[in-house]
Amino acid sequence: MLTDRLRIEIDTGGYRLEDAQILRADGSPVRPETIEHPPARSGGSGIGLGVGVGGGRFGGGVGVGGGVGVGTTIGGGAPAVTGHTFAYFPLEQVGPAPWRLRIKVIGTDPVVILLDPQKRG
């Protein structure tokens, strides 16, 4: 459980995450406090991008969850990783859901994804 942070799990399909940020309503970015990158591996030729959201309050038993997926293709040669990337954002800076997550995976254009735990499906 997270007490004061929003944890976002990003499945980059084996490619390294270059950048992640939450965009506030005024467009200003909030950078993650921490990004946990998975170990590097070699190979890979395509990418499927998935994002999951998790959050909670310690001791309160409250949690949120959601997810969204985006598909794209990258040419070969990009460094690859094994596993998912985790980004941790301070809740007091990102505010309440929904969140606009801007991510950049190596070899792709940036993507903005609306993360709304109320609209899971």
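Strand β2 (residues 17-23) is largely enclosed by the rest of the structure, because six of its seven residues are buried. Here buried means under 20% relative accessible area, exposed means over 50%, and partly exposed lies in between, with a 1.4 Å probe and protein chains only. Strands are DSSP runs of E with at least two residues, helices are runs of H or I with at least four residues, and both are numbered from the N terminus. The model is a predicted one, in which local features need pLDDT of at least 70 and side-chain atom pairs count only at pLDDT 80 or more, while totals for chains, interfaces and linings use all residues. Residues are numbered from 1 along each chain as its sequence is written, and side-chain values use heavy atoms, with hydrogens and water left out.

An open sheet is formed by four strands in the order β3-β2-β10-β11, with antiparallel pairing. The edges are taken by β3 and β11 (111-115), each with a single partner strand, so one side of each has no neighbour in the sheet. Two strands are said to pair if DSSP finds at least two bridges between them. Between β2 and β10 (residues 99-105), which run antiparallel, there are six bridges; Leu 17, for instance, has Val 105 of β10 as its bridge partner. On β3 (residues 29-30), two bridges join the strand to β2, again in antiparallel fashion, and Ile 22 has Val 30 as its bridge partner there. The hairpin of β2 and β3 has five residues between the strands, and in this hairpin Gly 27 adopts a positive phi near 90°.

Side chains of opposite charge can pair when their charged atoms come close. The structure holds three salt bridges, each defined as a side-chain nitrogen of Lys or Arg within 4 Å of a carboxyl oxygen of Asp or Glu. One of them joins the side chains of Glu 18 and Lys 104 at 3.7 Å, N to O. This pair links distant parts of the chain, with Glu 18 in β2 and Lys 104 in β10, 86 residues apart. Glu 18 counts as partly exposed at 47% relative accessibility, whereas Lys 104 counts as buried at 18%.

Asp 19 meets Arg 31 in a salt bridge of 2.7 Å, N to O. Here Asp 19 sits in β2 and Arg 31 in the loop between β3 and β4 (34-36), twelve residues apart, so that distant parts of the chain are linked. With 47% relative accessibility, Arg 31 counts as partly exposed. Asp 19 also meets the side chain of Arg 102 in a salt bridge, at 3.4 Å, N to O. Because Arg 102 lies in β10 and Asp 19 in β2, this pair ties together parts that are 83 residues apart in sequence. Arg 102 is partly exposed too, at 24% relative accessibility.

Trp 99 has Leu 115 of β11 as its bridge partner. The loop between β10 and β11 contains Thr 108, which is buried with a relative accessible area of 15%. Its side chain reaches the backbone oxygen of Val 105 at 2.7 Å.

Technical notes:
Polar contact = N/O pair within 3.5 Å; in protein donor to acceptor, adjacent residues only side chain to side chain.
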